[in-house]
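This report describes strands and how they pair. Please look through the structure below before reading on.

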Amino acid sequence: MDIPTRPARDPRTDTAEQCLYCASTELVPLYKGVCDRLQYAPGSWSFHRCQGCGSAMLSPRPAEDELADFYPPVYSFAPESVGSSRWRRAWAWLEYQLIYRTMHEGDARRILRRTLGRAAAGKAMLDVGCGRGHRLLAFQRRGCQVAGCDFQPEVTEYIQSELGITAHCCGVKDLASTFRSESFDLVTAFCVVEHVCDVQQMLRGCWALLKPGGWFAAVVPLVDSLQASMFGRRWCQVTEAPRHVSLPSQAGLRTALRRAG
């Protein structure tokens with residue numbers, strides 16, 4: 001497998017210029033020499049902490065057109081792609097049923113309880129950055145009319161051909177041109193916000209897709225969480241660099257949501 005290489009950068013520009021959450025330019029070094037835990041993206045990276053809201057920014061920040069090169073062909077769990085071994089297929093099926101399906105069912109149950117409630121049947125739902133779509137099945141089983149989008153074409157092709165669910169290949173910057181405004185009752189983003197180079201663009205794009213009274217629900221790793229404080233630079237959300245472009249704080253995320261409306 002050919003591993004993409006990063007363009008050489010001038011070390012004098014090895015900074016994250018602006019916080020993606022509160023727009024502050026007061027950033028100080030937090031972690032240096034962070035390597036990709038999947039050993040897929042070469043080189044090392046740094047995170048800088050925003051003095052305004054406490055969020056962490058990747059440095060140097062990749063260009064948007066570089067991001068796709070940092071993802072392996074199979075990034076989210078895929079029980080159907082473990083190989084031809086009968087034992088491995090059986091183990092992957094068991095792993096999916098006991099761990100991932102249980103997790104996805106819990107996600108759908110909690111989010112719908114706090115948003116659409118018992119009125120979920122027939123409501124339109126979009127999952128941004130949907131991966132291989134297995135979480136969409138949990139919402140579909142609860143009556144939602146589901147759709148997904150992801151920037152990896154092989155992922156959306158799998159969702160449509162194998163799961164029979166509508167899926168569009170697009171990045172977060174293309175939400176407005178891919179979907180009609182005010183067309184969804186619920187938009188979700190599971191561990192997506194930290195992957196994008198323009199958080200405001202993503203949040204405003206999701207907001208524009210909501211019907212009046214609609215809901216946006218996201219899962220985001222927080223840099224001021226208990227896990228972050230326990231593991232520091234060894235935290236798996238830090239070593240997801242360079243796929244994790246940022247790690248928001250609670251204050252930073254609240255600020256970003258207010259800025260996006």
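## Pairing and the model

Two strands count as paired if DSSP finds at least two bridges between them. The model described here is predicted. Strands of a sheet pair through backbone hydrogen bonds, either parallel or antiparallel.

## The antiparallel sheet

Strand E3 covers residues 56–59 and is joined to E9 by two bridges, with the two strands running antiparallel. Across this pairing, Met57 of E3 faces Ser246 in E9.

E3 and E9 belong to an open sheet of four strands, ordered E1-E2-E3-E9, in which the pairing is antiparallel. Strand E1 (27–34) and strand E9 (246–247) lie at the edges and have a single partner strand each, so one side of each has no neighbour in the sheet.

Strand E4 spans residues 124–128 and is mostly covered, since five of its five residues are buried. Ala124, Leu126 and Val128 point one way from the strand, while Met125 and Asp127 point the other way. Residues on both sides are buried.

## Parallel partners of E4

E4 runs parallel to strand E5 (residues 145–150), and five bridges join the two. Val128 is placed opposite Cys149 in E5. Between E4 and E5 the chain passes through helix H2 (residues 134–141), and this β-α-β crossover is right-handed.

E4 also pairs with strand E7 (residues 184–190), in the parallel sense and over four bridges. Here the bridge partner of Val128 is Ala189 in E7.

Definitions and conventions:
Residues are numbered from 1 along each chain as its sequence is written. This is a predicted model: local features need pLDDT of at least 70, side-chain atom pairs count only at pLDDT 80 or more; totals for chains, interfaces and linings use all residues. Side-chain values use heavy atoms; hydrogens and water are left out. Buried means under 20% relative accessible area, exposed over 50%, partly exposed in between (1.4 Å probe, protein chains only). A crossover is right-handed if, with the strands pointing away from the viewer, the path from the first strand over the helix to the second runs clockwise.
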